[in-house]
Amino acid sequence: MRSPLLREAFKLWNSKRGTRRMASRSDFDPLEMPRLLSSIILIDVEGSDAHLRIRLVGTKIVDMYGSDYTGKYMNEIDFGDVRNKVLKEYHLPVSEKRPVFSDHEFRKLNDYHHTIERAIFPLSDDDNTVNKLIAFLDFERVPKT
């Protein structure tokens, strides 16, 4: 992870889980992570098929994508040519019960290219079944070539 923001998010998740395999949603207090809130996505994992429904999207993410995806299912979102990669990355923490770190580039309509670094952490109320995901995204503008 190059992003200091994502390193901070990992440190927080890791400290919250303690000796457990995963932290739970109730471990997190928004007042403890003000710097991370604009870069957060909170996702509900629904049913045995692990449908991913977005509960909350931080303001920085809404600004970057130009849309608020709160209430939508992940498979309803147009991720362009990285769709399969992104959906797989969000399902991995559910099936493997571990954090997933990734990056990719995207181009905004204004033709600026950005690198996205992403950290996705599983959350569980019983330390066995993943019932939520907490993800953090950091964006870096890439100069035009």
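Me: How many helices and strands does the chain have?

Reply: Helices (H or I, at least four residues) and strands (E, at least two) are DSSP runs, numbered from the N terminus. Here the chain has three helices and five strands, running α-β-β-α-α-β-β-β from the N terminus on. This is a predicted model, where local features need pLDDT of at least 70, side-chain atom pairs count only at pLDDT 80 or more, and totals for chains, interfaces and linings use all residues. Residues are numbered from 1 along each chain as its sequence is written, and side-chain values use heavy atoms, with hydrogens and water left out.

Me: Where is S124 found?

Reply: S124 lies in the loop between β4 (113–123) and β5 (132–142).

Me: Is S124 buried or exposed?

Reply: Buried means under 20% relative accessible area, exposed over 50%, partly exposed in between (1.4 Å probe, protein chains only). S124 has 2% relative accessibility, so it counts as buried. In the chain, buried residues make up 45% of the 145 residues.

Me: Which residues does S124 touch?

Reply: Contact means heavy atoms within 4.5 Å. Not counting residues up to four places away in sequence, S124 touches M22, A23, S24, T129, V130 and N131. The side chain of S124 also reaches the backbone nitrogen of N128 at 3.2 Å.

Me: What share of contacts joins residues at least 24 apart?

Reply: Among contacts in the chain between residues at least 6 apart in sequence, that share is 49%.

Me: What does the C-alpha trace span along its principal axes?

Reply: For this chain, the span is about 45 × 30 × 25 Å.

Key
Polar contact = N/O pair within 3.5 Å; in protein donor to acceptor, adjacent residues only side chain to side chain.
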